[in-house]
Amino acid sequence: SANQMWGGRFSAGPDAIMEAINASISFDQRMAAQDIAGSRAHAAMLAATGILSDSDAQAIRKGLLTVLSEIEGGTFQFSASLEDIHMNVEARLKEVIGEPAGRLHTGRSRNDQVATDFKLWVRDQIDAAIQGLEALIRALLAQAEAGADWVMPGFTHLQTAQPVTWGHHMMAYVEMFGRDLSRMRDARARMNECPLGAAALAGTSFPIDREMTASALGFDRPAANSLDAVSDRDFALEFLGAASICAMHLSRFAEELVIWSSAQFRFVTLSDRFSTGSSIMPQKKNPDAAELIRAKIGRIFGANVALMMVMKGLPLAYSKDMQEDKEQVFDAADNLMLALAAMEGMVRDMTANRANLAAAAGSGFSTATDLADWLVRVAGIPFRDAHHVTGTLVGMAEARGCDLPDLTLEDMQSVHADITADVFTVLGVENSVASRTSYGGTAPDQVRAQIARWKEVLG
Ligand code: ARG
């Protein structure tokens, strides 16, 4: 039989395959709460503007709450023949309250309805991402504070470069996740315009009050152009873009945790709570959570690309293609929240192995730059020459299988006569990091200043 919502001009119901490709209820039921909030705001506005009687609006608003409690209680029967969440809710409302239910859809279309619901849903996810990021940043701050002056190797090309502090490395991620936080906030501020009242595409002849519904639903204002309001999905793309960048940051950090927790590095010990074992190798403790976080970027960025492709060729205004927006965003949001929570847990629980970090900090000629700088500062040698002298000394130490501080003063002087015993003060890693006092540098005082600033930002 023909559809009860739009079947007036139809004499036959849809083929089973038509229903299968068309229905979205299996996934868009996740927007039930948003759909009902939007409809309740719309009904209140219809009454306030005199389009609907107060008693009809009241019946609708009350009935919608009944439907919501049925959905939340798990007793609601979703039907694929009713296509989507919007028509499932409305059909049930009709069963619950009867005739007034048919008046709810006055001055509204599913096009502005779905745009509103989806925006509300994405906005909630942005708020959840902001919370998750703040929690992760707090966990990183605690790690940074505990080891603000612990030395470790800093790397370029994953080769030992210069000693840095543990706190400095943690705070590098705080900066990254801090930018992710501000990207989420920016996206939220930009998207917060209400599509409701755009109707199908052209607006409506009913004297609706779009300011009223916008403010009831927590939007800053109504969207200014009805064609754009029903066509726009860039709010979802912006969320996916910010989520992709955030997932990329999570993935880089996860990669470091995988490396750092290996037997060869032993920079950190992950807690049992965030590790797994092997079914055959009894000694194993695997960083599975980090590996899965590292992999999540794939599906999150995939969602971003997929929705970009869905949208790129659509003429204005609504096309059914846009129904394909939701599963991508749902999946990306679920996995972003999970990755943020898992990373926060791992960071909170992990132990930095201070002694191993310190031992590694001094290996690999990590203070060679300090030696070159000393030659410039104390012996007045041009930096390029100092670089060459230091390189020669590194070659000497490498040939002997020792580190730079193990060379004797005579060894040093055989390469450059102006070197004095004072040079040994800069070859120690503690002195090295303490000397990097430039703004944003690795000196413990700089790191503590970064921590203090972030604590103030988070309040
Ligand atoms: N389920 C649809 C979606 O998710 C709702 C909008 C339907 N609008 C329409 N004109 N068929 O996009």
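Here is a short tour, stop by stop.

This is a predicted model, where local features need pLDDT of at least 70 and side-chain atom pairs count only at pLDDT 80 or more, while totals for chains, interfaces and linings use all residues. Residues are numbered from 1 along each chain as its sequence is written, and side-chain values use heavy atoms, with hydrogens and water left out.

Stop 1: Select residues 8–302, which UniProt (unreviewed entry) annotates as "domain: Fumarate lyase N-terminal". That stretch is 60% helix and 6% strand, with its end C-alpha atoms 40 Å apart. Helices here are DSSP runs (H or I, at least four residues), strands are E runs of at least two, and numbering starts from the N terminus. Now pick residues 365–434, labelled "domain: Argininosuccinate lyase C-terminal" in UniProt (unreviewed entry). This span is 59% helix and 0% strand, and its end C-alpha atoms lie 17 Å apart. Such annotations may be inferred rather than shown by experiment.

**Stop 2: the ligand.** Which residues surround the ligand? Select Ser 24, Asp 84, His 86, Arg 110, Asn 111, Val 114, Tyr 318, Gln 323 and Lys 326; a residue counts as near if one of its heavy atoms lies within 4 Å. Helix 6 (residues 110–146) gives the most to this shell, three residues. The ligand alone exposes 340 Å², and the protein buries 86% of that (Shrake-Rupley areas, 1.4 Å probe).

**Stop 3: two backbone spots.** Zoom to Leu 316 and Ala 317, joined by a cis peptide bond with omega about 5°. Ala 317 is in the loop between helix 11 (288–311) and helix 12 (325–349). Then find Glu 83 in the loop between helix 4 (54–72) and helix 5 (85–97). Its phi is near 65°, a positive value in a residue other than glycine.

**Stop 4: more side chains by type.** Go back to the ligand shell and colour by type: two residues are nonpolar, four polar and three charged. In this scheme Ala, Val, Leu, Ile, Met, Phe, Trp, Tyr, Cys and Pro are nonpolar, Asp, Glu, Lys and Arg charged, and the others, Gly among them, polar.
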